[in-house]
Amino acid sequence: MRKQLQHNDKMNMLSELAASFAHEIRNPMTVARGFVQMMRQNDLAEDKRQIYSQMVLEEVDKAQAIINDYLSFAKPQLEEIELMDAKPLILQTVQTLQSFADLRGVSVETHLQDKLMISANPDKFAQCIMHLCKNGIEAMPGGGKLQIVGVLQNQTVCIDIIDQGIGMTQDEVGRLGTPFYSTRGKGTGLGMMVTYRAIQNIHGRIDVTSEVGKGTCFSILIPSLHSSTYH
Ligand code: ADP
């Protein structure tokens, strides 16, 4: 019964999401179409053609990002959950983000305790870490420091992702995870929704503390496998 309810909840959410998804995807498509039409003018200067084709690429990329995020949410949860140490996976994920951080003048520091044992799907979990780190880096347009701290506390694995970026108001924090809520030009606003859902699926939660102009801390809290409450 409970399972059925959860399934219905997800189906309702997916159909609601599909409606706004159609709307969101139409915008970049309309803009791209407009530029392609302008490119068809015979006497168009080469520099203008270059600019328009760049705009078309950007809009198509945006549509693609929305489709990818939606699919990663809608995909049936067939992924395998396994006993894993979060530490090496976080270190590996941070490494793949190194050039993204370097380009933005952001240094990344990790302070991770050994044996952060959780039960999760490694790919899904890496995706969450990647997303929160990427958001943190993007929140520091003038550069700064991103810290990732992982400890085992009260039978809970706590992973803090701390940036020194623009921060958010209470209202903005409250809107995190709402489909299509994004303040970024190239954003889809689906990333946080996917991240919240993935952490909930492994019985965890994400707490957010943020101060405008100071920065944000995303705390991922997951029951450790040694916890007696975990089955
Ligand atoms: P996207 O990255 O596509 O915009 P997200 O769901 O990841 O979508 O984030 C939604 C919005 O939340 C962002 O556009 C941004 O306004 C805000 N946000 C997320 N992470 C941070 C952060 N670390 N600092 C400041 N704002 C953030």
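**Close-up views of the predicted model**

**View 1. The loop at Gln-155.** Gln-155 sits in the loop that links β4 (144-153) and β5 (156-163). Helices (H or I, at least four residues) and strands (E, at least two) are DSSP runs, numbered from the N terminus. This is a predicted model, where local features need pLDDT of at least 70, side-chain atom pairs count only at pLDDT 80 or more, and totals for chains, interfaces and linings use all residues. Residue numbers start from 1 along each chain as its sequence is written. Although Gln-155 is not a glycine, its phi is positive, at about 60 degrees. Gln-155 counts as partly exposed because it has 13 C-beta neighbours inside 10 Å. The cut-offs go like this: 20 or more other C-beta atoms within 10 Å of a residue's own make it buried, 12 or fewer make it exposed, and anything in between is partly exposed, with C-beta atoms placed from the backbone.

**View 2. The loop at Lys-115.** Here we look at the loop between β2 (106-112) and β3 (117-120), where Lys-115 is found. Lys-115 is another residue other than glycine with a positive phi, near 55 degrees. Why does Lys-115 count as exposed? Because it has 12 C-beta neighbours inside 10 Å.

**View 3. The shell around the ligand.** Of the 18 residues around the ligand, the ones that come nearest are Ala-139, Ser-182, Gly-187, Gly-191 and Met-192. Sorted by class, the shell has six nonpolar, 10 polar and two charged residues. Ala, Val, Leu, Ile, Met, Phe, Trp, Tyr, Cys and Pro count as nonpolar, Asp, Glu, Lys and Arg as charged, and the others, Gly among them, as polar.

**View 4. Helix α7 and its partners.** The buried residues of α7 are Gly-191, Met-192, Met-193, Val-194, Thr-195, Ala-198 and Ile-199. What do the buried residues of α7 pack against? Their partners are α2 (46-74), α5, β6 (205-211) and β7 (215-223). Contact means that the C-beta atoms of two residues, placed from the backbone, lie within 7 Å. Just after α7 comes His-203, with a positive phi of about 65 degrees.

**View 5. The whole chain, for orientation.** The protein chain has seven helices and seven strands. Of its 231 residues, 26% count as buried.

Notes: A residue is near a molecule or strand if its C-beta atom, placed from the backbone, lies within 6 Å of it.
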